Amino acid sequence: WSSACLLASWRQESDRVNRHRLSMNNNHNHGLRLRRRIVLSYPELAYRAFGTRGERLVQVGISLMQSGVCLTYLIFVPQNLRASALMLLGWDISTNWTLAFMVAVQVPLSWIRDIRRLTATNLLANLLILYGLVTCLGFAVDDIARSDAVLGDGELISETTMTPSGVFLHEALRRARSLPAFDPTGWFLFLGTSVLLFEGSITLLVPLQEAVHSSADREKFPAMYRRVILGIVAFYAFFGIMCWMAFGNDVRTVMTTSLPPGTMATSIQLAYSLAVVFTFPLQNFPSLEIVCVAVGRMLSGDGKGDDRVGGDNFQRNVI
């Protein structure tokens, strides 16, 4: 519902901008300024709805949210890299050193101003995440398939003539029925985790709609977006229930720490750590650009500064 409201707001303002642009075609100079000025981002929509204060409030909110997500990366990655090094190489490396390594990688990557140059690292991160998801599901399916539960008449499943697929389905249904329908002690954690899962969805909704070029594709985007989100929700539910059935109520919030110890589980932790390292610059990009522009305007003395993203290159790199 919130996504539909945001897209409706974007459509309304987009139509207004197009009408204004058509009416100003005879004024060439103003038309150039209009094309540079109008990018219907979240701050721009807030400016049109609530003025300058609304625009600044949204900018601060985006900066804090994206920076908060990146701070969790600075906790997650050093701990996982330490565990991976200990398991694979037998080296007990302090998290201070792994954190220093991550910062040394992230600072140069944050100097990239054209996010199209991050395509390669983002693609590699997606492949690493796909590897982790498929492997985790493989662990879950293998755990259920290897179960030797007792049937109602006291006979072991392995002693029956059931096919392997039949054994898997029987055990999966048995475990599903044993799961509690509602956990009164952990529902608030579930809600918080759900919000965290979809923070990227709502953050990128309007920028993705704005990035669609042709009018025909822009008309198709809302329906396609709903289908994609429903598909993601269905996969989340399937993945969560499968892993819950496999690892039981003791499954941890960070799924990778619930996997059986071994090289394969460690490789998943390492893959996710590298994926986070590669996606960090993209996650940090919106907040970094907002901060750079704000600092540039303050340093200019007149409150305006350079409206181009980031202003001076050296100043941006220092930030």
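**View 1. The lining of the largest cavity, by residue class.** The lining of the largest cavity has 6 nonpolar, 1 polar and 1 charged residues. Here Ala, Val, Leu, Ile, Met, Phe, Trp, Tyr, Cys and Pro count as nonpolar, Asp, Glu, Lys and Arg as charged, and the others, Gly among them, as polar. The residues to look for are Leu 109, Ser 110, Ile 112, Leu 118, Pro 281, Phe 285, Leu 288 and Arg 316. Two elements give two or more residues to this lining, helix 4 (95-110) and helix 10 (263-300). Helix 10 gives the most, with 3 residues. Helices (H or I, at least four residues) are DSSP runs, numbered from the N terminus.

Before moving on, a word on the model itself. This is a predicted model, in which local features need pLDDT of at least 70 and side-chain atom pairs count only at pLDDT 80 or more, while totals for chains, interfaces and linings use all residues. Residues are numbered from 1 along each chain as its sequence is written, and side-chain values use heavy atoms, with hydrogens and water left out.

**View 2. The cavity as a space.** Searching the whole structure turns up 1 cavity of 30 Å³ or more, and the volume of the largest cavity is about 30 Å³. A cavity is a set of points, on a 1 Å grid over the protein atoms alone, where a 1.4 Å probe fits but cannot get out; lining residues have an atom within 4 Å of a point. Grid points are joined across faces, edges and corners, and a volume is the space filled by probe spheres set on the points.

**View 3. Arg 48 and its two glutamate partners.** Arg 48 forms a salt bridge (a side-chain nitrogen of Lys or Arg within 4 Å of a carboxyl oxygen of Asp or Glu) with Glu 13, and their closest N and O atoms are 2.8 Å apart. Because Arg 48 lies in helix 3 (residues 42-88) and Glu 13 in helix 1 (residues 2-23), the pair ties together parts that are 35 residues apart in sequence. Arg 48 also forms a salt bridge with Glu 44, the closest N and O atoms here being 2.9 Å apart. Both residues of this second pair lie in helix 3, 4 residues apart, about one turn of the helix.

How exposed is each partner? Buried means under 20% relative accessible area, exposed over 50%, and partly exposed in between (1.4 Å probe, protein chains only). Arg 48 is partly exposed at 29%, whereas Glu 13 is buried at 10% and Glu 44 is buried at 4%.

**View 4. Arg 82 meets Asp 92.** The side chains of Arg 82 and Asp 92 form a salt bridge, at 3.0 Å from N to O. This pair links distant parts of the chain, with Arg 82 in helix 3 and Asp 92 in the loop between helix 3 and helix 4, 10 residues apart. Arg 82 is partly exposed, at 34% relative accessibility, and Asp 92 is exposed, at 53%. The count of salt bridges comes to 3.

View 5. The structure holds 0 disulfides, a disulfide being a pair of cysteine sulfur atoms within 2.5 Å. The sulfur of Cys 136 has its closest cysteine sulfur in Cys 243, 6.1 Å away, which is too far for a bond. Cys 136 is buried, at 2% relative accessible area, and Cys 70 also counts as buried, at 3%.

Definitions and conventions. 1 Å grid on protein atoms, 1.4 Å probe; cavity = no way out; pocket = protein on both sides within 12 Å on 5 of 7 lines; lining within 4 Å.
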